[in-house]
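Here are some notes to read alongside the model. Please keep the sequence and the 3D view open as you go through the points.

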Amino acid sequence: MNLPIALQALKVNKLRSALTMLGIIIGVAAVIIMIAVGSGAQARVKEQIAGLGSNLMILWPGSVTTAGVRGGTGTAQTLVEDDAWAVMREIPEIQVAAPTHRGSGQIVWGNTNWLAAIVGATPEYFEARDWNLVSGRMFEMGELSSAGKVAIIGQTVARELFGESDPVDQIIRVRGVPFTVIGLLEKKGQSMMGQDQDDIVIMPLSTARNKIFGALQGRIGRVSSIFIKAHDGVDMTVAEERVRDLLRQRHRLGPNTPDDFSLRNLTEILQAQEAASKVMSILLAAVASVSLLVGGIGIMNIMLVSVTERTREIGLRLAVGARGKDILSQFLVEAITLSTIG
């Protein structure tokens, strides 16, 4: 009974009802938009974590100090390939460690060329980065041991050189050296630093050392970084400390000697970003909720005005036998209807 009466009352005052609903509409829209913005930020952080690889740490060589002047990270060249194998062999928390040597160079195919990152790596690199192939195959043992001239390329390099053509089994020249493309990597997207991770050519580590970056580094086994992936569920802080202790022991560093390497736990950095984005989402939702509260107060005020304007109608209904709760329920139905439609 109350619903038809409430709807008729709202229909009589169409403009007032529409303006009242507008407050609710704005409030709900603000909440939805703000929550969507916060969720988008969290999704972006999760995408970055997936792009880097889970439970990931990266080792870089330390810096050189000459005449009181300190160079940047990586200038000391203190890491060797055996450091990676020692980490993987002696620390049970570590799933895989991948030595890499990184540079850049011109990649040529036919009449097209492209400047891309060049990475010498072992098969462990793909496991550490959670990076799979779209087509082709991984390196074989013979290619790793004999510095085979084979390469796996990223999506950006494939697009810039080959367009829509299949790059597998094509011959490209990396710094003038011919390589056979044996695989195409799945898309990774941008890193947390904004770099295109798909703009890459990966070859066996021995090939990169001996045929691209120079024979001297090949003889001494130097690497420019080591990617370390811990097992799922492992305390990353504990794993990081054990890696640090092992490296200090291998490099014969005394108690008061600073590290000659740099170890970064990327998972912790991204988790901190994710926590910050969650806090931002809560704050945005709280701010947007104020708009919703204002809309509710608007309905309350309109109902108060409506009661004042309709005193004759209320008195007439009371005179013919309506009770106070019947009048109250009518105005509650009107308010609920406005809120629901809004």
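1. A definition to begin with: a polar contact is a pair of N or O atoms within 3.5 Å; within protein, one must be able to donate a hydrogen and the other to accept it, and residues adjacent in sequence count only if both atoms are side-chain atoms. Arg173 gives an example, with a polar atom of its side chain 2.5 Å from the backbone oxygen of Gly176.

2. Some ground rules come next. This is a predicted model, in which local features need pLDDT of at least 70 and side-chain atom pairs count only at pLDDT 80 or more, while totals for chains, interfaces and linings use all residues. Residues are numbered from 1 along each chain as its sequence is written, and side-chain values use heavy atoms, with hydrogens and water left out.

3. Now the overall picture. The protein chain has 12 helices and 12 strands; these are DSSP runs numbered from the N terminus, helices being H or I with at least four residues and strands E with at least two. Of its 342 residues, 43% count as buried, where buried means under 20% relative accessible area, exposed over 50%, and partly exposed in between (1.4 Å probe, protein chains only). Contact means heavy atoms within 4.5 Å. Among contacts between residues at least 6 apart in sequence, 74% join residues at least 24 apart.

4. Back to Arg173, which sits in strand β8 (residues 171–174). Its relative accessibility is 42%, so Arg173 counts as partly exposed. Leaving out residues up to four places away in sequence, Arg173 touches Gln106, Ile107, Val108 and Pro178. The C-alpha atoms of Arg173 and Trp109 are 6.6 Å apart, although 64 residues separate the two along the chain.

5. Which residues of helix α6 (residues 155–162) are buried? They are Thr156, Val157, Ala158, Leu161 and Phe162. The elements that cover them include β4 (94–109), β5 (112–121), β7 (150–153), β8, β9 (177–185) and β10 (200–204). After α6 comes Gly163, with a positive phi near 65 degrees.

6. A polar atom of the Thr207 side chain lies 2.8 Å from the backbone oxygen of Gly148. Apart from neighbours within four places in sequence, Thr207 is in contact with Glu143, Ala147, Gly148, Lys149, Phe179 and Ile212.

7. Please look next at a helix pair. Helix α3 (residues 81–90) packs against helix α9 (residues 236–250) at an angle of about 130 degrees, with the axes 10 Å apart. That angle makes α3 oblique to α9. Axes are lines fitted to C-alpha atoms, for helices over the stretch in contact, and angles run from 0 to 180 degrees between N-to-C directions. Angles under 35 degrees count as roughly parallel, over 145 as roughly antiparallel, 65 to 115 as roughly perpendicular and the rest as oblique. From α3, the contact uses Asp82, Asp83, Ala86, Val87 and Glu90, and from α9, Val243, Leu246, Leu247 and Arg250.

8. Asp169, in the loop between α6 and β8, has a positive phi near 75 degrees, and at 60% relative accessibility Asp169 counts as exposed. Arg252 has a positive phi of about 55 degrees and lies in the loop between α9 and β12 (261–265). With 75% relative accessibility, Arg252 also counts as exposed.
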